[in-house]
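Subject: Structure handover and notes

Hello,

Here is the structure we talked about. Please open it next to this message and read along.

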Amino acid sequence: MGQNRGLSKPSVRAVRRFFVILLWIVVWQLASMVIGTDLLLAGPISTFTALVRDVVESAFLSTVGFTLTRVMSGFILAFILALVLGILSTSFSAVYEFIAPVLSAMKSVPVACIVVLLLIWIGSRNVSFVAVVFVALPALYFSVTEACSARDTSFDALLKTLRVSRIRRWLATTWPDLVPFLIASGKTCVGMSWKAGVAAELIGIPQGSMGDRVYQAKLLFDTADLFAWTIVVVLLAWASERLFLWLLGSSRTWALNAACLSRPGGDSQKVSKAAEIALHEVTVSYGDLVVGPFEIDADAGSRMVFTDPSGAGKTTAFRILLGFESAYDGEVLRPKSPSCMFQTTKLVEGMSAEANLVLACDGLLSYSDAQALLLELLPASALDRPVSELSGGMRRRVELARALAVSSDAVLLDEPFSSLDDLTRKKACEFVLRHLQGRTLLVASHDEGIAALLKAYEDRVLAS
């Protein structure tokens, strides 16, 4: 059988795009021929000739550099301001109420009016820089606030409970969540910035700028030169957008890699003093609905398995102990430094299983130790792949290993053995007790056989 040597899909798209562009150039040339004068519509040949003439001029690079530095520095400043103000606005409602109306108004103000004011205030030299900030900031800001509002913060809360540092949490969860929104807004904002910047220069006419060259072409009725500089603007806007989007897309990978860096010489030993845990007459209020009371009394170093039926409140009780729910009434004695595992899978999807463990241990766990721990539950082929590619059962085992790897005084596991077959469940139970190291253990499970499995393994260890 011969191999299929046809073009790949990206190649086909590139060829198709080339012929589409070529078709429009032909249409452009025919239109200029019909009109019959370059004064009204310069053709592609005349435009290309003017473009070559402009490029070989000694002042070309300085002219492009003048506008490029102001447009892109204005965009970068707008991007940084949007990030800072957007994150502050979603963290503090007072900041949003103060800033949002102003930025909403900025979206509607005509650029020409702003440029005229800027010419009065700061002169023409840097008018394009401020105009770009004015145009790009609102779109980027509302993109950031939308991204922050749409985020699922439960995983960040889990990492906080595991005592992962703020910077690692931000790199692993917050920034990757923001990137898709920023890419979407960047696809329009970069082009808008170039339009606003060149338009501001065209009004202010700062000497040595691209706007000045466009204005001179207009004065001389040099349509070919006008088209040539327009092509330069379009190409620079396209290149700037491609670079910005590439940097944004790459930054997600860089952030994830930085978040799971292992700290040499770190100590990942477990907390030696186990926690005492208690809930006495604890209730939780959801509006008019009061749930409870919950009763748990676990001595330090004890092991408890809760097999109450679904809806009895096992998960709610665990959330109270972990501080995710506030008690409406009753007495709560929480562990000081717990580790945990929830019913719903919460992993950094773009990271490997090893990296997820190193992140949860705040870099104190080495990759070799993480690998050794995971190999007790997973095949070696599963360790260096993103966890998004693993099966549901494998992902549960990664979370189980993470809960036992984190330094803690208590381990709370909510349905840790779901999606596991009988043999794997048995191995997982043995894994838990093998790595518990004296910590208090609370397990919530619908499987009434879990308690027997844990007890059987514990009895075997004691007998040996």
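Below are my notes on it, region by region.

This is a predicted model; local features need pLDDT of at least 70, side-chain atom pairs count only at pLDDT 80 or more, and totals for chains, interfaces and linings use all residues. Residues are numbered from 1 along each chain as its sequence is written, and side-chain values use heavy atoms, with hydrogens and water left out.

**The α12/α13 pair**

Two packed helices are described by the angle between their axes and the distance between the axes. Helix α12 covers residues 353-360, and its axis comes within 9 Å of that of α13. The two cross at roughly 115°. Helices here are DSSP runs of H or I with at least four residues, numbered from the N terminus. Axes are lines fitted to C-alpha atoms, over the stretch in contact for helices, and angles run from 0 to 180 degrees between N-to-C directions. The crossing of α12 and α13 is right-handed (the near helix is turned clockwise from the far one by less than a right angle). From α12, the contact takes in A353, E354, A355, L357 and V358. From α13, it takes in Y367, A370, Q371, L373 and L374. Contact means heavy atoms within 4.5 Å. By type, the contact residues of α12 with α13 are 8 nonpolar, 1 polar and 1 charged. Nonpolar covers Ala, Val, Leu, Ile, Met, Phe, Trp, Tyr, Cys and Pro; charged covers Asp, Glu, Lys and Arg; the others, Gly among them, are polar.

N356 also sits in α12. N356 is buried, at 1% relative accessibility. Buried means under 20% relative accessible area, exposed over 50%, and partly exposed in between (1.4 Å probe, protein chains only). Not counting residues up to four places away in sequence, N356 touches L347, V348, M351, V387 and R402.

**Y367 and C260**

Y367 belongs to α13, residues 367-374. Y367 counts as partly exposed because its relative accessible area is 29%. Neighbours within four places in sequence aside, Y367 contacts C260, S262, E354, A355 and V358. Its side chain reaches the backbone oxygen of C260 at 2.8 Å. C260 itself is buried, with a relative accessible area of 7%.

**Cysteines**

How many disulfides are there? The count comes to 0, taking a disulfide as a pair of cysteine sulfur atoms within 2.5 Å. The closest cysteine sulfur to that of C260 is in C361, 12 Å away, so the two are too far apart for a bond. C429 is in no disulfide either; the nearest cysteine sulfur, in C340, is 18 Å away. C429 is buried, at 1% relative accessibility.

**Helix α11**

Helix α11 spans residues 314-322 and is mostly covered, with 7 of its 9 residues buried. Those buried are K314, T316, A317, F318, I320, L321 and L322. Just after α11, G323 takes a positive phi of about 85°.

**Helix α5**

I114 lies in α5, residues 111-122. Buried or exposed? I114 counts as buried, because its relative accessibility is 13%. Beyond neighbours within four places in sequence, I114 is in contact with V109 and F134. I114 and A200 are 86 residues apart along the chain, with their C-alpha atoms separated by 8.9 Å.

Best wishes

Methods
Polar contact = N/O pair within 3.5 Å; in protein donor to acceptor, adjacent residues only side chain to side chain.
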